Amino acid sequence: MKFLILGIGNIMFADEGLGVHLCKLLEKNYKFSHSNGYILDFVDGGTLALQLSYIIAKYDKVIILDCISADDSNIGEVFFFPYCAMPNKIKWSGSAHEVEMLQTLQYMEILGDLPETRILACIPKRIEQMSFAISDEIIKSTQIMEKILLNFLKEEGFSYIKIADYSLQELANISYKN
């Protein structure tokens, strides 16, 4: 079985890059293994959306890390849900990539290529062009997201050890170099 952690977002737009930064944080800070030899890959999907469909289709399970909008929600509020049971209050729109990512998943679903997909996301504080500064609210939210994802992977049979201690802001500051 192949699992994909897919970070989505524009790293040049402050909080909007949280999916990519969190994906990198998990990849750099932890070493994962599975007793059945399941594979866990991490991909920085940036703002590619539709171009990611051929990558997504290769996996059995996908967890998308991103930011979203939702009715009656607060900055930093975290959501974790299966794509097939997306809450009605979710408005996956607001930045350059989000509508395209939702459309990509819908397109893959229609074609029968969509693996079991879950979304782990939060409401961003700010989306500023040409800024790598992550808001304090989002840093706190990504700590919650990290715990949710580690617990989910543990439930799926993965074990992990912490091998480094990079912070989200530290990775955001150097994200353009990778």
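Ala49 is buried (under 20% relative accessible area, where over 50% is exposed and anything in between is partly exposed, with a 1.4 Å probe and protein chains only), its relative accessible area being 2%. This is a predicted model in which local features need pLDDT of at least 70 and side-chain atom pairs count only at pLDDT 80 or more, while totals for chains, interfaces and linings use all residues. Residues are numbered from 1 along each chain as its sequence is written, and side-chain values use heavy atoms, with hydrogens and water left out. Helices (H or I, at least four residues) and strands (E, at least two) are DSSP runs numbered from the N terminus.

**Strand S4 and its partners**
- All seven of the seven residues of strand S4 (residues 61–67) are buried; Lys61, Ile63, Leu65 and Cys67 point one way from the strand, and Val62, Ile64 and Asp66 point the other way.
- Strand S1 (residues 2–8) runs parallel to S4 and is joined to it by five bridges, pairing being counted if DSSP finds at least two bridges between two strands; within this pair, Ile5 has Ile63 as its bridge partner.
- Strand S8 (residues 116–122) also pairs with S4 in the parallel sense, over seven bridges, and there Asp66 stands opposite Ala121.

- The 20 residues of helix H4 (residues 136–155) should span 28 Å at 1.5 Å a residue, and the end C-alpha atoms are 29 Å apart, which agrees; the expected span is 1.5 Å times one less than the number of residues.

**Positive phi values**
- Ala49, in the loop between S3 and helix H2 (53–56), has a phi near 50 degrees, a positive value in a residue other than glycine.
- Asp72 lies in the loop between strand S5 (69–70) and strand S6 (78–82) and has a positive phi of about 55 degrees although it is not a glycine; Asp72 is exposed, with a relative accessible area of 78%.
- H4 is followed by Gly157, whose phi is positive, near 100 degrees.
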